[in-house]
Every structure is written in structure tokens, then in C-alpha cells.
Amino acid sequence: MPKVTYVQPDGTSRTVDATVGHSLMRVAIDHGVDGIVAECGGNAMCATCHVYVDPARLDDLGPLCSDEEEMLDCTASPRAATSRLSCQLPVTEDLDGLVLRLPEEQL
Amino acid sequence: MITLDDDPFADEILVDPVPLHRRLRDAGPVVRLGRYDVWAMARADEVTQALNDPETFCSSAGVGLSDFRKETPWRPPSLLLEADAPEHDRARRTVTSVLTPKVVKTYRDTFAREAEKLVATLVERGEFDAVADFAEAFPLKVFPDAVGLPAEGREHLLPYGAMVFNGFGPRNHLFTEAMARGAVAREWIAEHCRAENLAPGGLGARIHEAASEFTDEERALLVRSFLSAGVDTTVHALGNAVLCFASYPDQWARLREKPERSRAAFEEVVRFTSPVQTFFRTTTREVEIGGERIPAGEKVLLFLAAANRDPRRWPDADTFDITRRAAGHVGFGSGVHACVGQMFARLEGEVLLAELARRVTTIELAGEPRPQLSNTLRGLASLPVRVR
């Protein structure tokens, strides 16, 4: 199972086993990782599962769709070039070792 | 597969649907409801799966018991709720562009001011009806203000909503009574979906602007979705919230400790009480789900409320706990048809409950709560309370 690391704003991190096919939002929720709120449950409607992706790995993720693009303009913490919504990112074997930084704020 | 003979739309079930929901879940992942000759799902897994597979479980044949392919709907179908791709997606994109979290946040200060005013009045009174004076009063002020409706005529919103939500059920006495009571509201609603009757800058006017590629009639239908779905649902959630906190004073104490928990608390109210209890879908093909085979063209009743209390998904599912992580419930639906106003509803709930928690130490029942029976919604007709 690919391993994914979530890094909190204070620098503490957790590495968890990510089920292939689940979203990176759901992986965080299932493992009780703090800092992902995911109010809308994965429908790209709330922008509260915002993550910053390791820039070197951005290309391993699928492209932004228009819903995600629009929603990234609504994040509570500033949007960066590496910003994604974790509910829109399905886990694949290729993502092993991925590091996601969590924003200061989700709401 | 098990067939149950219960009528989920009968008064005695609607008064307390929880026992039926338990039996439905325990009967299996898919059950038959003999009374209406339809299928039903009540477990979190299957309900979520069906909601997220709109190609198989479609909405364009209606999300009530009535099959639009065989019966004429009582009103022109909604372009959002009662539509499928690609038409649905076009309408949905237009409405979401007007209701983004960013837009919703701009209403926070206004809502907070209104919440302060309302709660101050109620605290002074001490005893009041938490439905009429609180749960209805707040959304009936802030929501139509935001949409841009005039002050006169807002009394039509609740009867209209009651028609819509009872209209998803069978033609029982609730359906007939709601249609009779709401008849006078229909004309007012239709008029106030038109651009000339919506205040500039409001959400209604913004829908008309964003939907420039739609016909006049379609634009009015998009606004109608706001007026149909935006009030009763929130009203019931807020009324249910007060009942929850009056019934579980330990949870009220927890919210009082940290009023900023109100957003999570509102989420738990929606999970625990599911203001929207059920929606139908219609199968477009033969489908295997939960190990059972459902043929094409069948109505399937999805019990959102039962899924939200499924012990297979939720630890201590029947416990009201505002500190739990309630995200992932299907109280607002899930997938492409998930409630488009959910961020708006959350803001209303968050702001109003936080204000109440800051001003009120205890909430006690001052009389017997009276349920408001509906073929789709779960909520109260009245809730006499005393606050200190």
C-alpha cells in the first residue's frame, strides 16, 4: 500500500497507509489526521480539505478540473501553485512517498 | 431479499422514524417496500454508493415516489434536483458559481448581527416557541434578504416548501393537505423567481446574471430551487438543534464551553436528526448493489437519515455528540446532487447556535414538542422552551 505523509503547520507529521482508489481526503479522515475538515464530504463544495503538494510530485497528480479550480479560490489559507483539494485526488500506487503540507486554516 | 410491509410515510412512523430505520438497515443492504412496490436502501455504504452513481441511480424521473416517465409532475421539474447530466451539470455549475464558499462568507457579519438581535429578544422573553420564534424567524429573515425578496409575502415560503417536500411522497393526507395549503403560495413564488422582482445584488439577481445562456423560464426555475429548498430544511435543522440541546444538557454545556464549536455542533445535528430524511432515485439499468440485483426502471428509496445512524459506519451512531467528526454524513446528500446551499445552511447554523451558546446557560422544555409530519422532512411544528 502506498504511504502518504501529512505535515501539520507546526511541522509534526504522520505517515499513513493510503488505500488505492480512496481520495487523499478520505485517507486523512479514516486515519484521524487533524487539519482536514472536509465539511462537504468530498463534493468539491467547501474548500476545507486544502493541501499543499510537494512541488516535485505535482505532475504525479491528475490535472485540476474546473470545479476544483474554482473552489481553490475559496480556501481559507492562501492558495499557492501547489494547492489542491485532497478530496479530488485519488490514491494510486504512483503516489507512494507523497508529502502533503496542511494549511494553517481550513475554515 | 426481505420485503417489509411498513409504510414509511404513515403518521405513526413519521412521528418517530428511528425504529423503522433500524429495521430497514438490519433487514439487509437492499430491501423491498411491499406497500409501494419500490426498493429501499438504508445502510451508509449503499446509500452513499447510490448517491455517487447518478448514471445508474438517476434523478430525471423524479426524486419522489412519482415516476415522471409515467405521471405528469405537479410542477415543472427542477433543473437541478430533478435532472441528469448533461443538462443538470450546466445548471449546477451556474448555481455553484453564485454560491461559492467565498460568496457565502460575505454574509457572515450580517448573519451575526441578526443572530445577536434575535437571541437578545428571546433571552429577554425567557419563554418562547423555539420553532416559530427562533428556527423559523432567523432563516425567514436572513435567507430571503440574501436572495433579494421583498419583505411582504415571505409567509408563502414555508407553505410552498411544505408542498415541495410532501410532494415527494405518496398521495396521502400529508400530500393533499400541503397542496391545498400551499396553493396560494404558488403564484407568489412564480412571480418572485422573475428578475424584475429580485433586488439587485442579491443571490436571485446574481443567478439571473450568471445564467445568461438560459431562457427566461429556465432562469426563473433556477431561482425557484432556492425558494423551494432553502428555508424549510434550515428551519427544521435549527428546531431540531434546540430539541437536541434541551434533551442533552451535557452537550449544551460542551457548546457553552466553546461556542466556536457551533459549526461542528450544527453538523452533528444534521447527522443525528437528518432534516431531509429520504429521497428516491430511479434505476437506468439493471444494477447489482449490496449483493442484490435491481432491474432497470425501478424506484429506489434512499434513507439518508438511516444511513446517518448506521452503526456500521458511525461509532455510537444513536448518540448525539457535538465533538464527533460528523463530516461524511449524507444529510446534505452526496455527489453531483449534494445540497447546493449547504455552505449557506452551515453558516446560518454556526452563527445562530454560537450566539445562543454565548447568551444562554440552560435550555429547558416548557411544554411537549409537537412534530411537524412531512413525507420528506423531519422537524417540529412547535417547541416551547424556557431559557436562562
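Tutor: Quick ground rules: residues are numbered from 1 along each chain as its sequence is written, and chains are lettered from A in the order in which they are written. Because the model is predicted, local features need pLDDT of at least 70 and side-chain atom pairs count only at pLDDT 80 or more, while totals for chains, interfaces and linings use all residues.

Student: What makes chain B as compact as a globular protein of its length?

Tutor: Start with the parts: chain B has 16 helices and 13 strands. Helices (H or I, at least four residues) and strands (E, at least two) are DSSP runs, numbered from the N terminus. The radius of gyration, taken over C-alpha atoms, is set against the globule rule, 2.2 Å times the number of residues to the power 0.38. For 388 residues the rule gives 21 Å and chain B has 20 Å, which is close, so the chain is as compact as a globular protein of that length.

Student: How many of the residues are buried?

Tutor: Buried residues are 53% of the 388 in chain B.

Student: Why are α7(B) and α12(B) called oblique?

Tutor: Helix α7 (130-147) and helix α12 (232-247) of chain B pack at about 135°, with axes 8 Å apart. Axes are lines fitted to C-alpha atoms, for helices over the stretch in contact, and angles run from 0 to 180 degrees between N-to-C directions. Under 35 degrees is roughly parallel, over 145 roughly antiparallel, 65 to 115 roughly perpendicular, and the rest oblique. The angle of this pair therefore makes α7(B) oblique to α12(B).

Student: Which residues make that contact?

Tutor: Among them are B:F134 and B:F138 of α7(B), and B:V235 and B:L238 of α12(B). Contact means that C-beta atoms, placed from the backbone, lie within 7 Å.

Student: Which strands are the edges of the six-strand sheet?

Tutor: The order in chain B is β1-β2-β3-β9-β6-β4, an open sheet with mixed pairing. Two strands pair if DSSP finds at least two bridges between them. The edges are β1 (3-4) and β4 (57-58) of chain B, as each pairs on one side only. Inside the sheet, β3 and β9 of chain B pair in the parallel sense over three bridges, with B:W39 opposite B:V300.

Student: How many residues of chain B touch chain A?

Tutor: Eleven, in contact with 13 residues of chain A. Helix α16(B) gives the largest share of that side, three residues.

Definitions and conventions. A residue is buried if 20 or more other C-beta atoms lie within 10 Å of its own, exposed if 12 or fewer, and partly exposed in between; C-beta atoms are placed from the backbone. Two residues are in contact if their C-beta atoms, placed from the backbone, lie within 7 Å.
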